[in-house]
Structure formats: structure tokens, C-alpha cells
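Biologist: Hey, could you walk me through this one?
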Amino acid sequence: MAEKRDSPYIWVTWLAKIMSGDITCQWQGWFLTQNKLTKKQPNNFDLADWKINHTKMLTELKEKLIKDKYMPILEKPIKYNIPNSDAVICGKPDCVIENKDTVIVYDCKTGKERDSDQVQIKLYMYLLSKGEFSEKKIKGVVLYKDKEIEIKDLPENFEENFNFFVDRLISAEPSTKNPGDDCRFCDIIKDDCPERV
Ligand code: SF4
């Protein structure tokens, strides 16, 4: 069985999937925020192959940026304390570069394009703007094998939406459960979620 966390902990990718609607079972994100899994549901995902493809993309990006005279910071850890709570949100964007006035955050995607990809990069932009880069203009880039999507600004109501979903995840009140297609890709075992299908 999962272990209750001392305080709520959100990982950026969970939040991105919920905010984008890529996952409709919001209970999944709520449970992971409140609990640490001691056992994960096995799946057919080839993690080793994903790592190879991802490392290749990141290596190519790093070398290109160095060639362009930047100093890329790879897998920069982000930790943000949610105001007026004991909760934290953490993430690790693939690459960040900084120049005099601007910061660009990159995330490399090896699979097909999903709505949560852009939400994820927006979350990194938002969190970086709350920390050491608060004085700088922050842009985001989602990189795919054959294209890239640049995000120049956060939508005006992004903070409002961020707070809405974060409040739900850190609440003691469980979010709505929605057993179905999401279960196939969910790490939560049946002992922790008896409704799993
Ligand atoms: S197993 Fe299914 S119902 Fe349970 S949390 Fe995961 S997605 Fe939701």
C-alpha cells in the first residue's frame, strides 16, 4: 500500500496532464500528491528505449546551444513552495539557457504530440518566473523529432488556472475518480485503487 506523505508534493508532469485534460481521472493526481507509491503497476512501456531516444535529443540540443555560444543547464531542478500551504511543486526541465534579459526553457518529447506538453512547458515558465529568474523574460520551447513549438508568453489567466488545479490536488478532499482508459497508463496498483480496470 502507498504511504501517506508528510505534506503534499506535486510533480509538474502530473499537474500538466490534469490541467490539459490528457488525464480525466483527477483522483490519480490527487492520490500521488498525497501519497508515495511503495509499489507501481507494471506496464509495457520500454523505459530503456525512451531514455536512449531522449538522451539523443538532449545531446543534440546541448551541442547546438553550445555551438551558438550558450551555456545550457541540463535537468535543472525546480522546487516551489505553494504559498499559504506546506505543499511543494517540483519539476526538472530538460534544458534552460539564460542570457542578459531572457531565459529559454526547453523540453524534449520523443513521442507523439500531446496537449500536456505545452502545459508542462508553461508550468516550467511560470515556476521559473517565481524564482531566480523573476526579473527576466521567460520563453518556452517544446521540441519534437520533426518540429518545435515556441511559447513566447503565458496566457493572462495562467496563474488563476494554476491555483485552481493546485488547490484541488493539495486539498484533503479527494478529487473525482474516473476509472477507464487512464488506468492503462496509471502507476497506481489495485490495492491502492480498487476501482482500477
Ligand atoms: S487506476 Fe484508474 S481509476 Fe485508479 S487512479 Fe489510476 S486512472 Fe484513476
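Predicted model: local features only at pLDDT ≥ 70, side-chain atom pairs only at ≥ 80, totals over all residues.

Biologist: What's the strand order in the open sheet?
Modeller: S2-S6-S5, with mixed pairing. Strands are DSSP runs (E, at least two residues), numbered from the N terminus, and two of them pair if DSSP finds at least two bridges between them.

Biologist: Which strands stand at the edges?
Modeller: S2 (9-11) and S5 (78-81). Each has a single partner strand, so one side of each has no neighbour in the sheet.

Biologist: And how do S5 and S6 pair?
Modeller: Antiparallel, over four bridges, with S6 covering residues 88-91. Asn-81 sits opposite Val-88 in S6.

Biologist: New topic: what does Ile-10 contact?
Modeller: Leaving aside neighbours within four places in sequence, Ile-10 contacts Leu-15, Thr-33, Ala-87, Ile-89, Val-166 and Leu-169. Contact means C-beta atoms, placed from the backbone, within 7 Å.

Biologist: Last one: what's around the ligand?
Modeller: Among the residues surrounding the ligand are Cys-25, Trp-27, Lys-177, Asp-182 and Arg-196. Being near means the C-beta atom, placed from the backbone, lies within 6 Å of the molecule.

Biologist: How many of that shell are nonpolar, polar and charged?
Modeller: Seven nonpolar, one polar and four charged. Ala, Val, Leu, Ile, Met, Phe, Trp, Tyr, Cys and Pro count as nonpolar, Asp, Glu, Lys and Arg as charged, and the others, Gly among them, as polar.

Note on methods
Residues numbered from 1 in each chain as written. Contact = placed C-beta atoms within 7 Å.
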